[in-house]
Amino acid sequence: MTAVTPPWCRQVSRRQWKSLFAAWIGYLLDGFDFVLITLVLTEIADEFDLSAAAAASLVSGAFITRWLGGALLGAMGDRYGRKPAMIASIVLYSLGTFACGFAWNYFSLFTARLLIGMGMAGEYSASATYALESWPAQLRNRASGFLISGYAGGTILAAELYKWVVPAWGWRWMFYLGVLPVFVALWVRRALPEAGDWHEQVAASGAARPNPFRPLFTGGRGYLNAALAVAASAALFCVFTPLGAGWRWPLSLLAAGALFAFAAQLGGRRGWLLYVALMSTVFCAFLYSWPIQALLPTYLKTELGYAPSQVADAMFYAGFGTMSGCWLAGFAGDRLGTRRAYAYTLLASLCFVFPVFAVRDTLVGLGVLLFCLLALSQGISGILPKYIAGHFPTESRAASLGFVYNTGALGGAVAPVLGARLAEGMPLGQALAVLTSGLTLVVIVLVGADVPRRLGRLVDPALPGDHLLRERPGTADRADTPG
């Protein structure tokens, strides 16, 4: 008699649903804290008398420490567990957001954004690995999509509060509210079990705890790498602030060289090219997605003349589109395979990029187009954690995911400044459309053709397929098998 396979939702235990919900809440509050700056950018620019490019660099501030936060908190997650790393991340970005409310000038606000970036980086690596390793292997695209939808939920919550809080109390109160996620960290500390894969393969194995940073401190490298970390951080700070005026290209090359050196050491002789290729893929993904995420409220207020309530309505359409897209991406990834779902969805999103910035007179029409564009272009990022994490084994997954993703996330630092610079020679909407469409095509090729894994196999022919899928006869050597 043939066994009947239960519906997918019944294949997930109550404990696994609870684990995902906790990670989702952390990610929702992370999204809330992170996007506040985009909503109040024009108010901050007016108070501190900033140019468009200088104001946009405040968005970039939270990206330039993400590589460090992702690596450190990711390593913490590999060595001590995913749950402690989640808690530390939530506390960091909450306190950073709270500090933004007390900023007295550009540099004080930029510095507070650095703390938010470190916390968000750790939240991404810790929550993603926690959720993915807690769910059944054949449903991990779905877990990834559900998790990342929390970020979109945070943007919706922020947009709704914006129209009530800012007109009545001013922009600072949006940041004061950002300290509330600390209470979620206390709940996580008390209520949640550890991630299943990490507990079985690391905590309960009896073996020595992994140290993902060991390659950085062997053979007398410690002092040199510490100096490189300081140099990269200082260079990035100068690149995205007025301090680096006239020196941005040399400083950018210094920072890139230091980060590539870390990637080469962490990946080792057989994995360095995979690390670099994944970093480059994520960099391009942020370049196509963050011009719109960072500057859409500015576009709505400056070019379309929208009032705060109208901006909130438009951002609701955008946020709900992203959230819906994340859910659908999870199902599509489990059915089609992660890479195919990613490439096909991004290709479909190109149909909506230029129409979004052509609509000017109807909020409903703009909202519908934003919903469709964000569902397809941003929503597919719901399975990006699954795509990246599948390249790494459990014992080094959080640190590798944290470093690769958050170093590539520097594309999010470049994107708003690049969009603002392009807008100096053309309308802002046109600049956003050009950046989004061009870089989307690049990401379609990189992910759809499996470029990172193909490059990785040039130096490591034995590079395995997806670590997050259980090996099955005839599929163990495939890079991306539908679950």
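**Spaces and helix packing**

Reply: By class, the lining of the largest cavity divides into 20 nonpolar, nine polar and one charged residues. Please keep in mind throughout that this is a predicted model.

Me: How many cavities of 30 Å³ or more does the structure hold, and which residues lie nearest the centre of the largest cavity?

Reply: A cavity is a space where a 1.4 Å probe fits but cannot get out. Here there are two cavities of 30 Å³ or more, and the largest cavity holds about 450 Å³ of space. Its lining consists of 30 residues, with Tyr-151, Trp-290, Gln-293, Gln-378 and Ser-381 nearest the centre. The elements that contribute two or more residues to this lining are α1 (14-39), α6 (106-134), α7 (140-169), α12, α13 (308-336) and α16 (363-377), and the largest share, eight residues, comes from α12.

Me: What is the volume of the largest pocket, and which element gives the most to its lining?

Reply: A pocket, in contrast to a cavity, is an open set of points. The largest pocket in this structure has a volume of about 880 Å³. It is lined by 27 residues, and those nearest its centre are Val-239, Phe-240, Ser-252, Phe-283 and Val-414. Two or more lining residues come from each of α3 (52-61), α11 (222-239), α12 (248-302), α18 (397-408) and α19 (410-422), and α12 gives the most, with 10 residues. Sorted by class, the pocket lining has 18 nonpolar, seven polar and two charged residues.

Me: How should I read the packing of two helices, and at what angle do the axes of α12 and α18 cross?

Reply: Two packed helices are described by the angle between their axes together with the distance between those axes. For α12 and α18, the axes come within 7 Å and cross at roughly 45 degrees, which makes α12 oblique to α18. The crossing in which α12 passes α18 is right-handed. On the α12 side the contact involves Leu-259, Phe-262, Ala-263, Leu-266, Tyr-275, Leu-278, Met-279, Val-282, Phe-283 and Phe-286, which meet Ser-400, Phe-403, Val-404, Tyr-405, Thr-407 and Gly-408 in α18. The residues of this contact comprise 13 nonpolar, three polar and no charged.

Reply: The axes of α3 and α19 lie 8 Å apart, and the helices pack at an angle of about 165 degrees. Angles over 145 degrees count as roughly antiparallel, and α3 and α19 are therefore roughly antiparallel to each other. In passing α19, α3 makes a right-handed crossing. From α3 the contact draws on Ala-52, Ala-53, Ala-56, Ser-57, Val-59 and Ser-60, and from α19 on Ala-413, Pro-416, Val-417, Ala-420 and Arg-421. By class, this contact has eight nonpolar, two polar and one charged residues.

Me: Which residues of α1 and α12 make the contact between them?

Reply: The axes of α1 and α12 come within 8 Å and cross at roughly 40 degrees, so these two helices are oblique to each other. Phe-34, Thr-38 and Leu-39 of α1 make the contact with Trp-290, Gln-293, Ala-294, Pro-297 and Lys-301 of α12. The contact residues divide into five nonpolar, two polar and one charged.

Methods:
Residues are numbered from 1 along each chain as its sequence is written. This is a predicted model: local features need pLDDT of at least 70, side-chain atom pairs count only at pLDDT 80 or more; totals for chains, interfaces and linings use all residues. Side-chain values use heavy atoms; hydrogens and water are left out. On a 1 Å grid over the protein atoms alone, a cavity is a set of points where a 1.4 Å probe fits but cannot get out, and a pocket is an open set with protein on both sides within 12 Å along at least five of seven lines; lining residues have an atom within 4 Å of a point. Grid points are joined across faces, edges and corners, and a volume is the space filled by probe spheres set on the points. Helices (H or I, at least four residues) and strands (E, at least two) are DSSP runs, numbered from the N terminus. Ala, Val, Leu, Ile, Met, Phe, Trp, Tyr, Cys and Pro count as nonpolar, Asp, Glu, Lys and Arg as charged, and the others, Gly among them, as polar. Axes are lines fitted to C-alpha atoms, for helices over the stretch in contact, and angles run from 0 to 180 degrees between N-to-C directions. Angles under 35 degrees count as roughly parallel, over 145 as roughly antiparallel, 65 to 115 as roughly perpendicular and the rest as oblique. A crossing is left-handed if the near helix is turned anticlockwise from the far one by less than a right angle, and right-handed if clockwise. Contact means heavy atoms within 4.5 Å.
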